[in-house]
Amino acid sequence: MERVSKAEVPEAVRQRAQWLRAEIERHNTAYYVQDAPLIPDSEFDRLFAELQDLEARYPQLASVDSPTLRVGGAPRSDLPPVRHAVPMLSLNNGLAESDAIAFDERVRDLLAKAGEPVETVTYACELKFDGLAMSLRYVDGVLELAATRGDGTVGEDVTPNVRTIRSVPLRLKDCRAPVVEVRGEVLMYRRDLDRLNRVQRESGEKEFANPRNAAAGSLRQLDARITARRRLHFFAYGIGQLQGATEPATHSATLDWLQQLGMPVCEERATASGADGLLEFYRNAGARRADLPYDIDGVVYKVDSLRAQRLLGFVSRAPRFALAHKFPPQEALTQVLDIEVQVGRTGALTPVARLAPVAVGGVTVTNATLHNEQEVARRDVRVGDTVIVRRAGDVIPEVVAVVLERRPAGAQPFRMPERCPVCGSAVERPEQEAVSRCTGGLFCPAQRKQALLHFAGRRAIDIDGLGERVVDQLVDSGLVRSAADLYRLDQARLAALDRMGHKSASNLLEAIDRSRGTTLDRFIFALGIRHVGEATAQALAAHFGNLKALLDADETRLLEVSDIGPVVARSIRHFLDEAHNREVITALRKAGVHWPETSGAAARDRGRLSGRTFVLTGTLEGLTRTEAADRIAAAGGRVSSSVSKKTDFVVAGEEAGTKLARARELGVHVIDEAELLRMLDGSNP
DNA sequence: GCTCCTCGAGTTCT
DNA sequence: CTCGAGGAGC
């Protein structure tokens, strides 16, 4: 045997630990004291985990003042402090499924060591809300004190504010216990946050980055009337101090009891057996996540038996009987490598942030739109900045905020170029409009390319295989200048292009040929007239019946079409008066593009769905959305894009989103795909 | 003149 | 999917 000297702590490690401590303290202050987090939770958790890991490997590093031994920061001074009778602890975190499995193993291990082995542990599973932890003290059944968690020992008195939350009972039902402290979470529903942020934006106040900050900011208002205007919710998930009553024997029974007392308890809870049960709950919650009206950042497992909980006890800052199993972060930090300006079909210039690739919510994000100049200015995003990127319930990533303190020296504010980055034409921004536009028109290659892509689009002329790559090549090589040129392409010239084999060339030619047979509304839509989208194109086609009537119509005639007003009429007339556009239309017809024509308003709705308005949402099984829309239209029905009182039916498929929710709100009839098919078949008009 | 309803346009990634 | 703005109805 040999004596092993105490492991030296390398200097680099010591310095890293010191830096981590300072950094964590700083963020704690920002988060708890200033209500203004500098970095996303996921980033904070990562720093915290790294420090914990270092301290575990080099125990000499652990000091009494290490932030790993504390729960949070100091309470803000302008609200009265409250000392919790029973401390409010935080939970250990896990991200991977293996963390849940390890948790279950550890629990069984410890219970066995404590002399009470259990084969399969029963757990109470709940959602982990993205809100603010709160303790409500009821004395003789009456709400007497409401306090935030603060640092876990001392929080802040926010009683007047909490009284304004409608779901918090001011008096418990049939409660004989002299003192009950209810622990739970205050949170804000997503739609209420959106509403609040709109108000903040309009009044020039700062917006809240997420529901938790909004809840915290709202609760800490010194004027409770402001809190009352912000719609907050409360869910109870446990008990602190309890006098004059015995706590039920299991955690799930405690929640039932709280519910009987009139406390709001989230219905999304269950008991689960063993690690498999935990993972099932986790996956289930993950799938339901987008449907919930509030944000959750994971789930919580607690050993259900209170007796077992007591045996397991606590480590320094968290109970051993509970685990917070988090979802992959929806927010991440990354760097803005560049801000590029894209040119759209109408010449609109859109600044886009090129980002260092970063994983958010399961995908790698490299781009995020910055919408327009005002938007960039509002967030003051600059090249070189470190930014918080979020992929919320929806799919499209957005830059939430800039981490100002990581801005490199000399970073320049973004300026919209005065000349189009593609064609060099002047850029104009009409007074009072948000978007800047390239004035180059079809002279600008970018606009020409976008116009071609629009023309070839699925909902327009529908040329399969004519994507961005091919259009780029066709335009750059000078083969194609307008949509009409597409119909003059031949095998030899196509195959001469890069990465265009014989097979794909003939496929494309075939698709172009197929597209010759179309309908008038698709043709009108394909032209890409400003302010004329699918619906307006359909209205025009139905009203005029043939192309000549449309070409000959003056503004007054156009105004007779429903849904067409002065702005749209002028835009159509302007487009059709342009010699170039007339030439392209003529050339297209000469090239054999054709459609059935009628003499005018003859084709009146006679279908069995005539007069009915439909809205499609979610993924249908047998039909694509486009097919369903076409068939409804063919039967005389109308397909609209948003749900309102005037909607007759909402057709909901899998993973239906906000439209379904709105339909329920308005009491609009919701049907499924099978029912739609029955209506189309006519068995049930 | 105000308000609600719809449509158009722009956008990400697999 | 969301925002902004055009259209229509009150």
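The structure is a predicted model, in which local features need pLDDT of at least 70 and side-chain atom pairs count only at pLDDT 80 or more, while totals for chains, interfaces and linings use all residues. Residues are numbered from 1 along each chain as its sequence is written, chains are lettered from A and ligands numbered from 1 in the order in which they are written, and side-chain values use heavy atoms, with hydrogens and water left out.

The helices and strands named here are DSSP runs numbered from the N terminus, helices being H or I of at least four residues and strands E of at least two. Helix α21 (residues 566-577) and helix α22 (residues 579-590) have axes that come within 5 Å and cross at roughly 75°; axes are lines fitted to C-alpha atoms, for helices over the stretch in contact, and angles run from 0 to 180 degrees between N-to-C directions. The helices α21 and α22 are therefore roughly perpendicular to each other. In contact terms (heavy atoms within 4.5 Å), Arg 573, Phe 575, Leu 576 and Asp 577 of α21 meet Ala 579, Asn 581, Arg 582 and Ile 585 of α22.

DNA strand C is surrounded by 8 residues, the closest being Asp 563, Ile 564, Gly 565, Val 567 and Val 568; a residue is near the strand if one of its heavy atoms lies within 4 Å of it. Of the atoms of DNA strand C within 4 Å of the protein, 100% belong to sugar or phosphate.

Elsewhere, an open sheet of 5 strands has the order β2-β11-β10-β3-β9 with mixed pairing; two strands pair if DSSP finds at least two bridges between them. Strands β2 (93-94) and β9 (270-273) stand at the edges with a single partner strand each, so one side of each is left without a neighbour in the sheet. Within the sheet, β3 (residues 122-129) and β10 (residues 296-303) pair in the antiparallel sense over 7 bridges, and Ala 124 has Lys 302 in β10 as its bridge partner. Helix α3 (residues 97-113) packs on the sheet, touching β2, β3, β10 and β11 (322-326), and its direction makes about 170° with that of β11. Helix α8 (residues 251-260) lies across β3, β9 and β10, running at about 55° to β3.

Methods:
Parallel < 35°, antiparallel > 145°, perpendicular 65-115°, else oblique.
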